[in-house]
Every structure is written in structure tokens, then in C-alpha cells.
Amino acid sequence: MSDWFKDSVVYQIYTRSFKDSNRDGIGDFGGVIEKLDYLKDLGVDVLWLSPFCDSPNDDNGYDISDYLTIMPEFGTMDDFDALVRGAHSRGMKIMMDLVMNHTSDEHPWFLESRSSRNNPKRDWYIWAQPSQGPGEGFEEIDFDQAGRGYAGRARGPRLSGVDTGFLPNNWDSYFGGKAWEFDPQTGEYYCHIFSKKQPDLNWANPEVREEMFRIAHWWIDRGVDAFRLDAVHHIGKPEDWPDAPVPKEPWGFCLYKNTPETHAYLQEMNRRVFQPRAVLTVGETGGTTPESARLYVDSDRNELDMIFHFAHVHMENPNDASALTGLMSQWYAALKPGAWDAQFFSNHDLPRQVSSFGDDRWLRGKSAKAIAALLLTSWGTPFMYQGEEIGLPNAYFPDIGDYRDIHALRGYREGLVSGEDPELVMAVFQTRNRDNSRTPMQWSGEANAGFCEADVQPWIPVPQQNRHINVGAELAGRVEYAPGGSIGGAGILSWYRDLIALRKRYSVLRRGAYAPVNPNHSRVICYLRYLEDPAFTEDPARSKELGHSSPVQSEDQPRAGEKTLALVIINWTGTQADYHLSPRLLSQAEYLDTPPEAVKDGSLSGFSLEAGNYAVPGTPGPGEESLGGLCPDESGAIQGGTTGVADFAAALGGDSGEFDSDDDLPETGRPVLGSAPAKKMRLRPWECRVYLG
Ligand code: GLC
Ligand code: CA
């Protein structure tokens, strides 16, 4: 099977918020087409388009009412074809976001399905009769009060003259409330694990599967190269609709995600669609563990190429370097043999990554670059989300009237009803809600950020406090000095571009194996990527040193002169960090002593490996100068200068510093070859360094 996806960088376009081309305040395909050269310049390979089929937009296109029609706000089928042609002619591929777990309640299938119990489409959705009672030991609780995690069966809604009984089971909806809606016309409930306008399809019905496969083929014929399969871990549900046990996890979703039925359907779809058409697939599969993930992506199982898993975006402390390294190592160890991973830090459902992982106030530029470095030098295919390449922070709208997302608004209302302090509810809501990342892409400093024309009202406002952050300012290399105090923004876009180019150029960054270094360090993320080169594969002793029991098979043989080792060091905090490399790691220096290509190579100009993320094209702006003043080290001192490869090389022969003995050993480290002493490095806040050797 072709594995081009392992060499790709994917860019997610939330079309509605990308670029409006026809003055209605809604992003559209015309807008995406206008920006294809921008995307090509950035260097991305695959454009993931959030759902674009016709939809009443209860959930911004994730509620489809016609799978074979383009949402009129986005354009026509001709516009879609033009977009595909434009992308393909620039060497970029199209990834369609396919929503197959549910449709809109306005889809003709559902309208038929709900029209009578005997309708041929009845069984296309999940219908269940009211249950007769919750049984002994269950409280009778009203439909409206049965919140998430309520283990009993709630009473149905009170409707005059209708017996709604009790809900068919205790399942919760992701979007709040219970997963069942009563339909008075036929006296039954339908299942909706998202909003009640998103009824779940019944995948147990072979007709539904046939139709979905047909739709997928239809889009492939139309030029789609890849699918992101929305909420695909929910398609298989146990057919007898059992109650969830008193929920182990807050919402009790355990019964309808990652089920054996889901795997069976995916294998069928793989056989019928993915394999014969050689499309790339990535599934959205919340709640997977490194072990259960293998069931989806193990190449022997023929299901999906990659999945999205979410443990790292739900970390209690996103700045805990060792926790993040721990997760990355765990997933690597679980997936590396025979599978592949997807890397991401944000998407349209998550807050902006610079706000959740970085520092969107004082060190926005620095932290945005550090996150980018991790994303683009990690093992697995990187997925970017629009706007992260300019370090867009959360919108943090203070006014509830500016929010649009049903999920967010429902959460907010539930928070208020729960009796919590309204200010607290708002504070939590402001950082967590999904509209944070759905505001318009910011192209320029003009009104509406160049997303739509100045006299047009965008469907969701541009956060005014962030107007200075935009592609134009980035391209002009302007270092912002914003009233809000965020500094050092410029250079993020070129940093992304250069990192993507670097990844493209060196297979060690794409295909290389991964080994964490100092995995217990709470503040610095450090790892090696290495190509398992022929020398290694032929030398069993060396293979053993690398932690492999048998000679390793290289996935991608290095070319002559190719770099075979990369060392990435990232200060994952906003304070200065002293970091020691152990003698054992320094013994890798034989790979590190060549100066990095980037220094010699004009094609990577602007990307300074030595200067970490402090490289700003052109003369340093006011932000750069005042940086030190804003982020003194723990002792209050301000450190100047940059430590580069030259300093690093000097350090190899330099005097001894302290080091943390065996804690420092890379897991696959080789024995000490020389007696090079450890050397302390001083890493500035969010500084990141990539050494290639
Ligand atoms: C996925 C999408 C999300 C959507 C949900 C229901 O989680 O990413 O945006 O609301 O599925 O389709
Ligand atoms: Ca438009």
C-alpha cells in the first residue's frame, strides 16, 4: 500500500472561516482558491476541508442534509471542481471530512424515516420504544434534569396527551443532555449522540453501509484523495441498546465508542473503498488508548491509516514536558511496529494551541514556534489547523452574543443552570469553547482582517484585540508590540515554512525512529530522531544498542550524504531552563559535528538552526529588544546571545558541568564512546533547537 501520507503535512481548512470571496461574510471555496498559492508556499501537501456538503448548519456542516451537493454558502460543484484542480495542479491533495455517523434531521432519509414506523427508511436510523420504567433502585428523574452521567433512565419529556414513558436507556449526548429525542408522530425515540438535529445512522443496516460506500466512491471519482472520518469511532453500537454501567467516565459513553462493531464496519469499508481506491484515511477516535488504537491502525488489520487521539490535548498541565514526552513515547512504542500516528495540537474543536500549550500573552511568538517545532519534528504525520501558522490565540469573546457554536452555548447555559458563579462559568467557557478557533482567518490588518470586505459582517466576529496578528504583518516581518503586551509575533509564518521545508528535505525528520532523551525532565522536551541506516542494520551490536532485538529494517534508506540523526531540544516553558546533556548523549556527537545544512544552504534562508526560535528575519524589532526584560530567568538575570551549533560543538570538548547521571540516558542510547563531559546549556523561554548530523 502506498504510504505517501507518511511524508505529508496536512493543513485543515475550516472553510466557513478561511476567506469570503462573495461578500456574504461566510468563507467559501472561491476564498480557498484565492489562497492556494499561499498554502503551496507554506509547503503543505494535503488540504483537509471541514464538511462542505449541504447542511442546515446546526453544527457548521457536521449535520449533512445531502451528501452529494455542495453547501450553497461555500459555492457550487463547479467551484469544488475548480478547487480540486487548483490544488492538484499545485501538487496538493484534498482530504474530505466525511460525516458518516449521523446526518441532519433535515436529510430526506430522516424525514422519511420519521414519517412512519413502516417506512422503508425507518431502519436507517436508530429508533427505540419508550421503556416502561427504570426498574428498582432508580430514581425517577425528569428528562430535562437528567444531566450527563445520570445512570438511570430518565422520564421522557412531558407532552400533553402522549405517553413518553422512560428513555430507552441512560446514554448521554456529547452535546449535553441525553442521547434520545422523543418523536411524537410515531411515539418512539431516536438516538442522537450529538445534537438532536444530528440523528445517528444505523450502521447495522447493510443498506446504510452500501449507501455510505457509494458516497465515498462518488467523491473519490470527483477528485478527493483522502478522508477524515468524523466521529467514526461511534458508528458501531450494540444492537440491544444496553444501559451504560454507572459511568466510569463522566458521560458514560463507553458503550457506543470504539466497539467491535465499528471495527467490523471499517474493515468492510476498507475492503470496499479505501484499498481499491488507495485513499488516505484518518479517523477521529476519541477515547482510544495506545493499545486500542492499534485495532484501527495496525496495517495488518486493514482499517485506517491513522487516527486522532486526544490524551495530550486534555493534559492537566500542558506545560509538563515529562507528561507530554511520556504520552508521545507511549504512543510511539505502541504504534511504531506496523502502524503510524497523526500529530496535532489544535483543530476546529479545540482552543488555539498557542493558548492551550503556549503563552498567548507575553511570549506568543516564542511559544507558537516551540509548538510548531514539536509538531513538525515529531514522529507521525503533522496536522496543522488554519491560523496556527501566524500564532492566532483564542478569541476569548467576553460577550456571549458573539458566540455561535451550539455545543459551546449549550455548555454555557448548563453551567448557569447548575448554579455556579456566572463569572466562573464565563471564565471557564471563554477558554474552552470551540469558537475560540473558529473565528476568521486573519489575512491583513484591515477591518475584518481581510477575511471579508470591510463593509460586510462576518458570520462570527474577528476578535478585535488580536487584529495586529495577521498574515500581512508576518510577511512584512513586523515584530508586534501590542497594547496587550504580547511580543515577538513576527517570524512564526516563516518558521513554519522553514520547518516544513526542513522536514521535507530530511527523511530523518519524517521517517526516522524516535527516542526520548531525559524523559523525566519536567521542563525540557528532548528527543532523537534517527534513520536506521544500513550500517546499523548490518551491525547487530548497534541494532541492540538502539534497543532492537533483531537487526532493524530501515523504512527509508538514507541517501548518500543524508543526515541520519536529529536532536531536538525544546524548552517547553516560559522561563529559562538549564539543561544538561549526559556524556552518553554527547557521544552521539560524531553525528552532530557537521554544521547544519541550513547554514550553508540558501534554500533554507531565514531558518536559523543555531539561533533557535529567536531568529527574526531582518533587523530585530522593539519586541526582540525588550524580550529579555520581560522574561528574566529565575534569578532575575537577563541572558543575552544565542547558543548555536558552534557553541554546542565547543561544549563537547569544554569543561565539565553537572549532569543528572543515568536519568539523562536516552532510552536507546549507545554506550559511552568517549569521555566527553556533560555540558550545561541555558535555554531561553520556549527556545528550541534542532541539530542534524
Ligand atoms: C466531530 C467534529 C465536531 C462535530 C462532531 C459531530 O467531533 O470534529 O466538530 O461537532 O464530530 O459531527
Ligand atoms: Ca462567501
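The accessible surface of this protein comes to about 25700 Å², and 50% of that area belongs to carbon and sulfur atoms. Please keep in mind as you read that the model is predicted.

**Overall make-up**

The protein holds 22 helices and 19 strands. Of its 693 residues, 62% are buried. Looking at contacts with a separation of 6 or more, 73% of them link residues 24 or more positions apart.

Asp20 has a relative accessible area of 4%, so it counts as buried, the cut-off being under 20%. Asn22 reaches 45%, which lies between 20% and 50%, and therefore Asn22 is partly exposed.

**A look at the cavities**

Rolling a probe the size of a water molecule over the atoms shows where empty space is left. For this protein, the count comes to eight cavities of 30 Å³ or more. The largest cavity has a volume of about 140 Å³.

What surrounds the largest cavity? Its lining consists of 13 residues, and those nearest its centre are Leu327, Met328, Trp331, Asp341 and Gln343. Two elements, α8 (321-335) and β12 (342-343), each supply at least two residues of this lining. With four residues, α8 gives the most. Sorted by class, the lining of the largest cavity has eight nonpolar, four polar and one charged residues.

Most residues other than glycine have a negative phi, and most peptide bonds are trans. Trp241 has a positive phi near 50° and is not a glycine. Asn258, also not a glycine, has a positive phi of about 55°.

Where does Trp241 sit? Trp241 is found in the loop between β9 (226-230) and α6 (260-277). Asn258 likewise has its place in the loop between β9 and α6.

Is Glu388 buried or exposed? Its relative accessible area is 4%, so Glu388 is buried.

Which residues does Glu388 touch, leaving aside those up to four places away in sequence? They are Ser346, Arg352, Gln353, Leu375, Phe383, Ile492 and Tyr496. Glu388 can also be placed relative to Met441: the two are 53 residues apart in sequence, and their C-alpha atoms are 9.7 Å apart in space.

| Residue | Relative accessible area | Class |
|---|---|---|
| Asp20 | 4% | buried |
| Asn22 | 45% | partly exposed |
| Glu388 | 4% | buried |

Key
Residues numbered from 1 in each chain as written. Chains lettered and ligands numbered in written order. Predicted model: local features only at pLDDT ≥ 70, side-chain atom pairs only at ≥ 80, totals over all residues. Heavy atoms only, no water. Buried < 20%, exposed > 50% of the residue type's maximum accessible area, 1.4 Å probe, protein only. 1 Å grid on protein atoms, 1.4 Å probe; cavity = no way out; pocket = protein on both sides within 12 Å on 5 of 7 lines; lining within 4 Å. Points joined across faces, edges and corners; volume = space filled by probe spheres on them. Nonpolar A, V, L, I, M, F, W, Y, C, P; charged D, E, K, R; others polar. Contact = heavy atoms within 4.5 Å. Areas by Shrake-Rupley, 256 points an atom, 1.4 Å probe, with all protein chains shown as cover.
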